[in-house]
Amino acid sequence: MAVVLVSGLSVATVVYSGSVLVGVAASGLLILALNRFFLPTRFEIDEDGITARYPLRRARQRWGEIRRCVSDQHGVFVSTRARRSRFDAYSGMQILPGVDGSPTVPDIVQLVNAHRAGVTH
């Protein structure tokens, strides 16, 4: 769906501006802005916390800083805020499980809760 949206907006930009170069630049900017959806992200879970390595930056949540853990069928959201906030995008991390033997959503929730409770393996 995101590819269709970026493609549609790029075509609309070409039509509106009359320049293919502007359309290519617009699609490049959209892909950079949405890099987490188009480019690979790696998550590392260790004894200190969770690290997300995005294509353009790195984010880290330490076990002692995590105040909230919410899961759904798509992944797990951990935040340094105890309650939901409009600033969740800046203080939290969406952990998306991978495939082929990587931890599942219940595995990640159990791991986060165990570390928050002080029970580690």
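Asp88 is buried, at 11% relative accessible area; buried means under 20%, exposed over 50% and partly exposed in between, with a 1.4 Å probe and protein chains only. Asp88 meets Arg68 in a salt bridge, with 2.7 Å from N to O. This is a predicted model, in which local features need pLDDT of at least 70 and side-chain atom pairs count only at pLDDT 80 or more, while totals for chains, interfaces and linings use all residues. Residues are numbered from 1 along each chain as its sequence is written, and side-chain values use heavy atoms, with hydrogens and water left out.

**Salt bridges**

- The whole structure holds 3 salt bridges. The term covers a side-chain nitrogen of Lys or Arg within 4 Å of a carboxyl oxygen of Asp or Glu.
- The side chains of Asp88 and Arg68 form one of them. Asp88 lies in helix H4 (residues 88–91) and Arg68 in strand E4, so the pair ties together parts that are 20 residues apart in sequence.
- Arg68 is buried, with a relative accessible area of 13%.
- Helices (H or I, at least four residues) and strands (E, at least two) are DSSP runs, numbered from the N terminus.
- Arg60 and Asp46 meet in a salt bridge at 3.2 Å, N to O. This pair links distant parts of the chain: Arg60 sits in strand E3 and Asp46 in the loop between E1 and E2, 14 residues apart.
- Arg60 counts as partly exposed, at 22% relative accessibility. Asp46 is partly exposed too, at 30%.
- Glu44 forms a salt bridge with Arg53, and their closest N and O atoms are 2.9 Å apart.
- Glu44 is partly exposed at 36% relative accessibility. Arg53 is partly exposed at 37%.

**The sheet E1-E2-E3**

- Three strands make an open sheet: 3 strands in the order E1-E2-E3, with antiparallel pairing. Two strands pair if DSSP finds at least two bridges between them.
- Strand E1 (42–45) and strand E3 (58–62) are the edge strands, each pairing on one side only.
- Neighbouring strands of this sheet are turned by 15° against each other on average, direction ignored. Axes here are lines fitted to C-alpha atoms, for helices over the stretch in contact, and angles run from 0 to 180 degrees between N-to-C directions.
- Strand E2 (residues 49–53) and E3 run antiparallel and are joined by 5 bridges.
- A hairpin is formed by E2 and E3, with 4 residues between them.
- Gly49 has Arg62 in E3 as its bridge partner. Ile50 has Gln61 in E3.

- Of the 5 residues of E5, 5 are buried, so E5 is largely enclosed by the rest of the structure.
- Gly75, Phe77 and Ser79 point one way from E5, while Val76 and Val78 point the other way.
- Strand E4 (residues 68–72) pairs with E5 in the antiparallel sense over 5 bridges. A hairpin of 2 residues joins E4 to E5.
- Cys69 has Val78 in E5 as its bridge partner.
- E5 and E6 run antiparallel, joined by 4 bridges. Val76 has Ile95 in E6 as its bridge partner.

**The nonpolar core**

- The largest nonpolar core has 14 residues. Such a core is a set of buried Ala, Val, Leu, Ile, Met, Phe, Trp, Tyr and Cys residues joined through side-chain atoms within 4.5 Å.
- Ile50, Val76, Val78, Met93, Ile95 and Val112 have the most contacts inside this core.
- Two or more residues come from each of E2, strand E5 (75–79), strand E6 (92–95) and helix H5 (105–116).
- H5 gives the largest share of this core, 4 residues.

**A nonpolar surface patch**

- Leu29, Leu32 and Leu56 form a nonpolar patch on the surface, with about 330 Å² of accessible area together.
- Patches are made of residues with over 30% relative accessible area and no salt bridge; like charges are joined within 9 Å, and nonpolar side chains (Val, Leu, Ile, Met, Phe, Trp, Tyr) within 5 Å.
- Accessible areas come from the Shrake-Rupley method with a 1.4 Å probe, and for residues only the protein chains shown count as cover.
- Leu32 lies in helix H2 (residues 20–33). Leu32 counts as partly exposed, at 46% relative accessibility.
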